[in-house]
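I kept each entry to what could be read off directly.

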Amino acid sequence: MPAEALQVEGLVAGWGDTVVLEDVGFAVPAGSRLAVLGRNGVGKTTLFSTIMGLARRRAGTIRLGDRELGRAKTSERARDGLGLVPQTRDIFRSLTVEENLRAGLKDRPVSALDEAYALFPRLAERRQNLGGQLSGGEQQMLSTARAILGEPTCLLLDEPLEGLAPVICDQLMDALHGLARSGKMTILLVEQQIDRALDFAEAVIVLERGRIVWSGAPAELRARPDVVERHLGVAGAH
Ligand SMILES: Nc1ncnc2c1ncn2[C@@H]1O[C@H](COP(=O)(O)OP(=O)(O)OP(=O)(O)O)[C@@H](O)[C@H]1O
């Protein structure tokens with residue numbers, strides 16, 4: 001396996017005729033965790049969408065392991081090991097929790113569902129409930145669990161904590177830390193809760209208007225309140 005799970009170089013991308021990302025480049029070592037930070041509208045979701053083949057790449061390369069993704073379809077990227085948990089939590093509201101999870105199994109045996117239930121015991125309690133009956137936190141757990149069942153080598157999590165109560169954020173982050181400890185998955189996290197993102201990540205990139213304006217280690221960002229204030233719009237990360 002190459003040392004880098006994901007390598008992005010000179011990426012210019014957007015939607016239709018609109019360019020959102022300009023010359024974005026970064027590399028994520030296999031098994032590591034990267035936080036992607038930035039204010040609303042700077043292009044974080046567009047970055048994940050471009051990696052998944054959902055947005056329009058105009059220039060640059062995206063390499064997953066040793067494969068350059070080029071024009072690969074989203075389904076091929078998923079087969080090659082990319083997984084996305086979108087901000088919109090794409091669960092099937094009229095299917096049960098168990099049915100939702102089965103949809104994420106790909107070719108794996110049904111017994112693999114136990115992995116999801118071990119990671120999120122709350123989902124086991126709710127397995128016969130419909131997706132639409134779940135709380136926001138449970139829906140986020142379901143969306144995350146379904147992506148994980150596909151055994152992605154590289155998981156993209158887009159603002160998983162948005163709108164969740166602090167205690168649910170704790171539970172979700174505990175599960176993500178557990179996943180990360182297994183070392184099998186490379187995880188990219190977009191998150192507005194900066195402290196939680198910095199606790200989780202080993203490296204950080206900060207986006208502003210579609211460009212990377214800062215990159216480094218979480219401790220380095222914590223030592224730069226000026227960067228935090230300027231690009232993330234808050235007084236400081238503690
Ligand atoms: N699916 C889409 N179709 C068309 N334009 C989009 C789409 N998603 C995002 N955009 C546009 O791309 C630009 C960057 O938005 P994006 O969602 O990537 O930023 P973000 O940093 O993820 O912000 P947020 O934190 O608000 O999600 C915005 O102008 C937005 O309207």
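I began with Arg89, which is buried, with 22 other C-beta atoms within 10 Å; a residue counts as buried if 20 or more other C-beta atoms, placed from the backbone, lie within 10 Å of its own, as exposed if 12 or fewer do, and as partly exposed in between. Arg89 sits in the loop between strand E6 (82-85) and helix H3 (97-103), where helices (H or I, at least four residues) and strands (E, at least two) are DSSP runs numbered from the N terminus. I noted that its phi is near 50 degrees, a positive value in a residue other than glycine.

Before going further I wrote down the conventions: this is a predicted model, in which local features need pLDDT of at least 70 and side-chain atom pairs count only at pLDDT 80 or more, while totals for chains, interfaces and linings use all residues. Residues are numbered from 1 along each chain as its sequence is written.

I then looked up Glu159, in the loop between strand E7 (154-158) and H7, and found a positive phi there too, near 45 degrees. Glu159 counts as buried, with 20 C-beta neighbours inside 10 Å.

After H1 comes Gly53, with a positive phi near 80 degrees.

Leaving out residues up to four places away in sequence, Arg39 touches Leu232 and Gly233, contact meaning that the C-beta atoms, placed from the backbone, lie within 7 Å.

For Gly210, in the loop between strand E9 (203-208) and strand E10 (211-216), I counted as contacts Val20, Leu21, Glu22, Val42 and Gly43, again not counting residues up to four places away in sequence. Gly210 and Glu22 are 188 residues apart in sequence, yet their C-alpha atoms are 5.6 Å apart.

My last entry concerns helix H6 (residues 136-149) and helix H7 (residues 166-181), which pack at an angle of about 15 degrees with their axes 10 Å apart; axes are lines fitted to C-alpha atoms over the stretch in contact, and angles run from 0 to 180 degrees between N-to-C directions. That makes H6 roughly parallel to H7, since angles under 35 degrees count as roughly parallel, over 145 as roughly antiparallel, 65 to 115 as roughly perpendicular and the rest as oblique. The contact is made by Gly137, Gln140, Met141 and Ile148 of H6 and by Ile168, Leu172 and Leu179 of H7, and these residues divide into five nonpolar, two polar and no charged.

Conventions
Contact = placed C-beta atoms within 7 Å. Nonpolar A, V, L, I, M, F, W, Y, C, P; charged D, E, K, R; others polar.
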